[in-house]
Amino acid sequence: LGAMYDTDTFKAKAVNWLAGAVQVPTESYDSLGPVGTDPRWDKFYAFHAYLQKAFPLVHAELELTKVNTHGLIFVWNGSNEGLKPLLLAAHQDVVPVEPTTVDRWIHPPFSGHFDGTYVWGRGSCDDKSGLIGIMSAIESLLETGYEPTRTVVLAFGFDEESGGIYGAQTLATKLEGMFGQNGYAMIVDEGLGYDEQYGRIVATPGVAEKGFINVRIEVSTPGGHSSLPPPHTSIGVLAELLVKIEANPFKVHLARDSAPYSTIQCLAAHAPNMPDHLRRNILASAYSDKALRAAEDVLFTNSVFKNFVGTTQAIDIIQGGVKVNALPEQAWAVVNHRISTESSVAETEAHDTDVLKFLASRFNLTYTAFGKNVDHGDRGEVILTCGNLTLSEIFEKGGLEPAPTTPFEGDDATPYRILSGSIKTTFNRHRGIEGDDVIVVSPGIMPGNTDTMYYWNLTPHIFRYGHVNLTVGSLPYNIHTVNEGMSIDNFLEIIRFFTTLIMNVDESALP
């Protein structure tokens, strides 16, 4: 297989596999109703038909179960039923293309255009490169006559981009029914990849995943004619509240038992271009709080790393007013928080509640936060606005706690070590090089959420990793925005990665 993957013939096949998948639009929306009631789900029938045509051996040899109509579970039965299966996950859906941005795409968003280097289009990276990469690897293994000892299970949700409630949530129940609680050896779902940091190529499979909560901030005030306005309308009050939120971000600190801390320790040991003073502080931070704070001061100048570590806040939606001559009776906004693995939903709610107390008092607003009345006390001069301030979770689900951390060291970390070895082998083989330290693998964190949020009962060994090349000089793959694309060289490496992982897990001593 290694030699076959290097051929132009296989490259052409891989282009067609990925491009064909991109050409079938599978957008999911937050507003979708239940399957069977909303016709927008019907587009997935075409995607399933494409998969059956593109991967005939997978459909002939693996057992397919459809869950809630569009969720797909493929089971490749191994010869040893006593071994726990390997579960590979991906999602069929993609984020919608904003119609007003279509003319900004280099190539039409669902064209699957191949320019000789990149396959362009929505989903080419997130996450059809993962799903088609898995299917391509198994189709190729089947062509060689490969028969696994350990069962391999594929789980493909269809609404990951809108929360997974109809897809992965229903798949999880079926998957647990098939092999039981803690019945899988390990799970690999979409995630990050590898990039260059301080002169060293580093892969960071996500062993942890942040939680989230979407906080709706709503202001209600008396309406009226706009010719007789108060000093602040509900929109004006909301604007001040949002400024207050952004002026008070969450405090961020590195915890010594966290995945990001392990990553910086790894870099300090292996990255040749790390500044000496930073390396010294990171190494000393294991026992010195002063050194840890000094390292944070430098590391947190990188906003991406800081966002990975701490709880974030992003004001993503705002709405208010219905007419130019009518005072708005209601205005609201939504703040999306990604919750640090060292924090919790309750701590995030408490932070937001406390930050807005002063303004609730200043504007004379009755304050309710997450179902509880808040006494905001006397905060000095009161502007007689009157009205209500309400904080709530917009979807009434209460948010999601950070995921349990997957073991990445010690006796229980064999799955992590197998994944790490598979990453290194793939990277080297794809480039025809050797050496154990060409690429370093370090435990990472997934800042967003994946379908694995529903899979916690299936195994403690959950990894979010897509083997995506993020090194300098590669295309910024533009997930969730215009000009999404995937390097065909990287896609071939993704196929090689899943092939290597399947065989390594199959040959392992995992239970």
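These legends describe several close-up views of one predicted model.

The model is predicted, so local features need pLDDT of at least 70 and side-chain atom pairs count only at pLDDT 80 or more, while totals for chains, interfaces and linings use all residues. Residues are numbered from 1 along each chain as its sequence is written, and side-chain values use heavy atoms, with hydrogens and water left out.

**View 1**
Helix H8 covers residues 259–270. Helices (H or I, at least four residues) and strands (E, at least two) are DSSP runs, numbered from the N terminus. The 12 residues of H8 should span 16 Å at 1.5 Å a residue, and the end C-alpha atoms are 16 Å apart, which agrees. The expected span is 1.5 Å times one less than the number of residues. In H8, 9 of the 12 residues are buried, so the helix is largely enclosed by the rest of the structure. Buried means under 20% relative accessible area, exposed over 50%, and partly exposed in between (1.4 Å probe, protein chains only). Among the buried residues are Pro260, Thr263 and Cys266.

H8 packs against helix H9 (residues 276–284) at about 130°, with the axes 9 Å apart. Axes are lines fitted to C-alpha atoms, for helices over the stretch in contact, and angles run from 0 to 180 degrees between N-to-C directions. H8 and H9 are therefore oblique to each other. Angles under 35 degrees count as roughly parallel, over 145 as roughly antiparallel, 65 to 115 as roughly perpendicular, and the rest as oblique. The crossing of H8 and H9 is left-handed. That word means the near helix is turned anticlockwise from the far one by less than a right angle; clockwise is right-handed. Tyr261, Ile264, Gln265, Leu267 and Ala268 of H8 meet Arg279, Ile282 and Leu283 of H9. Contact means heavy atoms within 4.5 Å.

**View 2**
Strand S7 (residues 200–203) is covered on both faces. Arg200 and Val202 are buried on one side, Ile201 and Ala203 on the other. S7 pairs with strand S6 (residues 186–197) in the antiparallel sense, over 4 bridges. Two strands pair if DSSP finds at least two bridges between them. Val202 in S7 stands opposite Asp195. The hairpin of S6 and S7 has 2 residues between the strands, and Tyr198 takes a positive phi near 50° there. S7 also runs parallel to strand S17 (residues 439–441), joined by 3 bridges. Here Val202 stands opposite Val440.

S11 pairs with S13 (residues 330–339) in the antiparallel sense, over 8 bridges. Gln319 has Trp332 in S13 as its bridge partner.

**View 1. Helices H14 and H15.**
Helix H14 (residues 414–431) packs on helix H15 (residues 488–506) at an angle of about 135°, and their axes are 9 Å apart. H14 and H15 are therefore oblique to each other. H14 passes H15 in a right-handed crossing. The contact includes Ile418, Leu419 and Phe427 of H14, and Leu492, Phe497 and Leu501 of H15.

**View 2. Residues in loops.**
Asp127 lies in the loop between strand S4 (118–120) and helix H5 (128–143). The peptide bond from Asp126 to Asp127 is cis, with omega near 0°. Asn364 sits between helix H13 (357–362) and strand S14 (365–369). Its phi is near 60°, a positive value in a residue other than glycine. Asn364 is partly exposed, with a relative accessible area of 35%. Asn483 also has a positive phi, about 60°. This residue lies in the loop between strands S19 (462–469) and S20 (485–487). Asn483 is buried, with a relative accessible area of 13%.

**View 3. Gly164.**
Gly164 lies in the loop between strand S5 (152–157) and helix H6 (168–179). Gly164 is buried, at 0% relative accessible area. Leaving aside neighbours within four places in sequence, Gly164 is in contact with Asp159, Gln169, Asp451 and Tyr454.
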